Amino acid sequence: MSDLQTAPSNAVSPSSPRGEPDVAIVGAGAAGIAAARRLVELGSSVLILEALPRLGGRAHTVELHGLPVDLGCGWLHSAERNPLAALAEGQGRLLDRSEGAWRRQLHDIDFPPREQRDAWAAYMRLGERLRRDPPASDRASDAVAADDPWRPFLDGLSSFVNGVELDQLSVRDFLAYDDAASEANWRLPGGYGAFIADLAAGLPVALSTRVTSIAEAPGGVVLETDRGAVRARAAIVTVSSDVLARGDIRLAPALDDHLHAAAALPLGLDNKILLAMSEPDAVPAESHLLGRLDRAGTGSYYLRPFGRPLVEVFLGGALARDLEAAGDAAAVDFALRELGELLGSEFPASLTPLVVTRWGAERTISGSYSHARPGRADARAVLARPPRPWLCFAGEACSAQDYSTAHGAWRSGLDAADWIAAGLHGKGRAT
Ligand SMILES: Cc1cc2nc3c(=O)[nH]c(=O)nc-3n(C[C@H](O)[C@H](O)[C@H](O)COP(=O)(O)OP(=O)(O)OC[C@H]3O[C@@H](n4cnc5c(N)ncnc54)[C@H](O)[C@@H]3O)c2cc1C
């Protein structure tokens, strides 16, 4: 497996003799790259500090059998208003606008059409109930009976969409996303992660550089890293809410409100397994299977995305956590067993595991995307509010409506950059 994101030619050492940047940006994911681009556009100098030896964070494309494959984000959600879709289009990148196969069950296997209708009707009913008569607890699971026959299906869907089951989900937060989202989901066959990493071209980035503390200092901030200190006039911190809440970066002065807000926005977990097919003609291109209807802990199997000889397995929530803890072999066994039950016992023999992601174990990320705990939808606004003139936070968890996505992260990075730039250049801020 080779990594498409080779060290960029703009990689620098944090202590390279470039003088002090106006703004130090912690994290080279979508939010950090967006913030850096905007600041440079506005005339500020920047330095991005990234703990991993690569760009992109949760946007990560790798090359498998010569094909670019996304291990993190893959879909440009709400595509017609997604700023990254517009950017990709502007660059002349190939965009796939075809409808995803998620809602279809190949040959109705183990999921007869009538049950499919009933299952999706149950999903619609849940949405109506959440809007019309939301539970006082703000806990999504309180809107569906524990013994509802479709409860496992609904929990399973939630584990894919939110990274957690309904009992951990704030209704208000979920609706803020859902009400703003459209049905248009596009893809970049060249890789969403590769595209986002390419957007960092020309920006100074110090890879493999972990920030351990950020402190106010005369005229700005000092960031301690494991490769030396960096001084800047201001900083934007784009690390995930879990990394922030864990206190991996010491902040002086302490910012308890922001850290508590981050703790109310934990990351759920979704992992992917990529399987190579030796007999791709066994299933149609762009088809899909849901593993089981009778339990939440099941896989979603995207067969031959873009017609490629691959199966993309998606595992979410408690199942993803259990299998990540059990190890890659257990995760692969689980997926092959479910595929064997669906497509016949010979089918798994034609599959070779290529990659198993472990987003929860990635220490500088620690999960897939954020959800708000019940009763804590307000936390996103708290986290997004700049705590100091010289510091603010960005990243998907800061987005009120597009949290959990790459474009939400991107927009939050632009907002943070505008805030910081207004302070640096002495202009009034539009809060
Ligand atoms: C399996 C999976 C599937 C997904 N599917 C989609 C999808 O289809 N569509 C979509 O829009 N979104 C999807 N997402 C979510 C999307 O990828 C994220 O919301 C988005 O990329 C987050 O960007 P970010 O900049 O907020 O954070 P990150 O990408 O996490 O960037 C933060 C960066 O900070 C770095 N960092 C952390 N600590 C430090 C430190 N101390 N010092 C320096 N650097 C540090 C991290 O290494 C990381 O690179 C998916 C995510 C996963 C995991």
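**Sheets, helices and a ligand shell**

Q: Which residue of S8 is the bridge partner of Ile-48?
A: This is a predicted model. Two bridges join strand S3 (residues 46-49) to S8, and the two strands run parallel. In S8, the bridge partner of Ile-48 is Val-205.

Q: Which strands stand at the edges of the open sheet with parallel pairing?
A: The sheet has five strands in the order S8-S3-S2-S12-S19. An edge strand has a single partner strand, so one side of it is left without a neighbour in the sheet. The strands at the edges are S8 (205-206) and S19.

Q: At what angle to S3 does H1 run?
A: H1 lies across strand S2 (23-26), S3 and strand S12 (234-237). H1 also supplies at least two residues of the shell around the ligand, as do strand S14 (270-277) and helix H12 (406-424). Relative to S3, H1 runs at about 170 degrees.

Q: How many residues of the shell around the ligand are nonpolar, polar and charged?
A: The ligand is surrounded by 41 residues. The closest are Gly-27, Gly-29, Gly-57, Cys-73 and Gly-395. By class, the shell divides into 19 nonpolar, 15 polar and seven charged residues.

Q: Which strands are at the edges of the antiparallel open sheet?
A: Five strands make up this sheet, in the order S15-S16-S17-S14-S18. From one strand to the next, the twist averages 20 degrees. Each edge strand pairs on one side only; the two are S15 (287-290) and S18 (351-356).

Q: Which residue of S18 is the bridge partner of Met-277?
A: S14 and S18 pair in the antiparallel sense over five bridges. For Met-277, the bridge partner in S18 is Leu-351.

Q: At what angle to S18 does H10 run?
A: Helix H10 covers residues 328-343. It lies across S14, S15, strand S16 (300-303), strand S17 (310-316) and S18. Its angle to S18 is about 140 degrees.

Q: Are H3 and H4 roughly parallel or roughly perpendicular?
A: Two packed helices are described by the angle between their axes and the distance between the axes. For H3 (residues 113-132) and H4 (residues 151-161), the angle is about 70 degrees and the axes are 10 Å apart. That angle makes H3, relative to H4, roughly perpendicular.

Q: What classes of residue form the contact of H3 with H4?
A: H3 contributes Ala-119, Ala-122, Tyr-123 and Leu-126. H4 contributes Phe-153, Leu-154 and Leu-157. By class, the contact has no polar and no charged residues; seven are nonpolar.

Q: What covers the buried residues of H4?
A: The buried residues of H4 are Phe-153, Leu-154, Asp-155, Gly-156, Leu-157, Ser-158 and Ser-159. The cover over them includes H3, S17 and helix H9 (317-326).

Q: What is the phi of Gly-163?
A: Gly-163 follows H4. Its phi is positive, near 80 degrees.

Q: Why does Gln-401 count as partly exposed?
A: Gln-401 is in the loop between strand S19 (391-393) and H12. Burial takes 20 or more C-beta neighbours within 10 Å, and exposure 12 or fewer. Gln-401 has 17 inside 10 Å, so it counts as partly exposed.

Q: Which residues does Gln-401 touch, not counting residues up to four places away in sequence?
A: Ala-136 is 265 residues from Gln-401 in sequence and 21 Å away in space, C-alpha to C-alpha. The residues that Gln-401 touches, with that sequence exclusion, are Ala-176, Tyr-177 and Ala-180.

Key. Residues numbered from 1 in each chain as written. Predicted model: local features only at pLDDT ≥ 70, side-chain atom pairs only at ≥ 80, totals over all residues. Near = placed C-beta within 6 Å. Helix = DSSP H or I, 4+ residues; strand = E, 2+ residues; numbered from the N terminus. Nonpolar A, V, L, I, M, F, W, Y, C, P; charged D, E, K, R; others polar. Axes fitted to C-alpha atoms, helices over the stretch in contact; angles between N-to-C directions. Parallel < 35°, antiparallel > 145°, perpendicular 65-115°, else oblique. Contact = placed C-beta atoms within 7 Å. Pairing = 2+ DSSP bridges.
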